[in-house]
Amino acid sequence: MKFLRFVLLAACLATLLPALPAHAARLRVVATVPTLAQLAREVAGADADVEALLAPNQDPHYADAKPSLVIALNRADLLLFNGLDLEVGWLPALVRQARNAKLLPGAAGSFDASRWVQKLRVPASVDRAQGDIHPGGNPHFSWDPRAGAAVAEGLGTALGQLDPEHAAAFRQRGATLAQQLRALAGQERQKFAALTPAQRQVAVYHDSLVYLLDWLGLQQVATIEPRPGIPPDPAHLARVVGQLKAAHVAALLQEEYYPRNASDQVARLTGARLVVLQAGPRDRTDYVSYVRGLAAEIYAVQSSK
Ligand SMILES: [Zn+2]
């Protein structure tokens, strides 16, 4: 019902919007998630305006389809989205409502970040009964600075195509950021490699940290959700508790937007520490510092084991 009401409201708004003036000289970039927005800010510099549709405490699988999001999309020159079906439940409908041909799939203003990324966990077959499985691969790559580097380079090129006057600056900033991110990725990976195998085991809430764990060489020994998007029942939780105890897992990782009661319970029963990860930089923290902070938080717990 909420969605229907929104569709009607958005349709009314969209009929009003074409009367607004086209964008000024500076490009307008709209990113779905805060991490991608921050990447775009750093590649764009002062040559484009960037805004995020979601806040770090919002689960990107779902979004409240607010009219303000339709308005932002209507005025955008570039839509930067994660892809791999992460936003499939809400973004296509918003883009249709926004009536902005620049952002339609295949247009120069539609930037699917996942196209630049090396994908993990591409399933051999897809069965929706298995939970919110993403058929193109696991979409949660924005935790991984190696993926961030590839996206920064891609953005540097894409922004330059929309605004050729600043193309060299976009490309340069994209390349510089990519270089910093790859250097950071290497340093942190080395640091974690010095831990013992037992210290490199973690548990997670949603199956969403595979890129982060792959980067840091960590092993996922248990997952609180039995299948992506499906909350755990008591039998599954008991199994998870057993797995954590057997492996003496130090850290249970989850994003801030997932419920914490099951994780708190598991942590209490096993002595593992619940590490709630911030799903995106806040207060304009730069992307390199944000990712370094994530690694430091996990390292502190794992190395103390
Ligand atoms: Zn997911």
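**Close-up views of a predicted model**

In strand E3, Leu80 is the bridge partner of Ala31. Welcome to this structure, a predicted model in which local features need pLDDT of at least 70 and side-chain atom pairs count only at pLDDT 80 or more, while totals for chains, interfaces and linings use all residues. Residues are numbered from 1 along each chain as its sequence is written.

**View 1. The whole chain holds 10 helices and 8 strands.** Helices (H or I, at least four residues) and strands (E, at least two) are DSSP runs, numbered from the N terminus. Among contacts (C-beta atoms, placed from the backbone, within 7 Å) with a separation of 6 or more, 67% link residues 24 or more positions apart.

**View 2. Strands E2, E1, E3 and E4 line up in that order as an open, parallel sheet.** Strands pair here if DSSP finds at least two bridges between them. E2 and E4 (110–112) stand at the edges with a single partner strand each, so one side of each has no neighbour in the sheet. From one strand to the next, the twist averages 20°.

**View 3. Here is strand E1 (residues 27–31), with 4 of its 5 residues buried.** On one side, E1 pairs with E2 (residues 48–52) in the parallel sense over 5 bridges. E1 is also joined to E3 (residues 78–81) by 3 bridges, again running parallel. Look for Val29: its bridge partner in E2 is Val50, and in E3 Val29 stands opposite Leu78.

**View 4. Helix H2 (residues 34–44) lies along the path of the chain from E1 to E2.** This β-α-β crossover is right-handed (with the strands pointing away from the viewer, the path from the first strand over the helix to the second runs clockwise). Because 10 of its 11 residues are buried, H2 is largely enclosed by the rest of the structure. Among the buried residues are Pro34, Leu36, Leu39, Arg41 and Val43. What covers the buried residues of H2 includes the strands E1, E2 and E3 and the helices H5 (145–162), H6 and H10. Just after H2 comes Gly45, with a positive phi of about 55°.

**View 5. Helices H6 (residues 167–193) and H10 (residues 287–303) have axes that come within 10 Å and cross at roughly 5°.** Axes are lines fitted to C-alpha atoms, for helices over the stretch in contact, and angles run from 0 to 180 degrees between N-to-C directions. From H6, the contact is made by Gln180, Leu181, Leu184, Glu188, Lys191 and Phe192. Their counterparts from H10 are Val288, Val291, Arg292, Ala295 and Tyr299.

**View 6. Ala267 is found in helix H9 (residues 261–270).** Is Ala267 buried or exposed? Ala267 is buried, because 20 other C-beta atoms lie within 10 Å. Leaving aside neighbours within four places in sequence, Ala267 is in contact with Leu252, Ala272, Arg273 and Leu274. Leu244 is 23 residues from Ala267 in sequence, and their C-alpha atoms are 9.1 Å apart in space.

Terms used. Two residues are in contact if their C-beta atoms, placed from the backbone, lie within 7 Å. A residue is buried if 20 or more other C-beta atoms lie within 10 Å of its own, exposed if 12 or fewer, and partly exposed in between; C-beta atoms are placed from the backbone.
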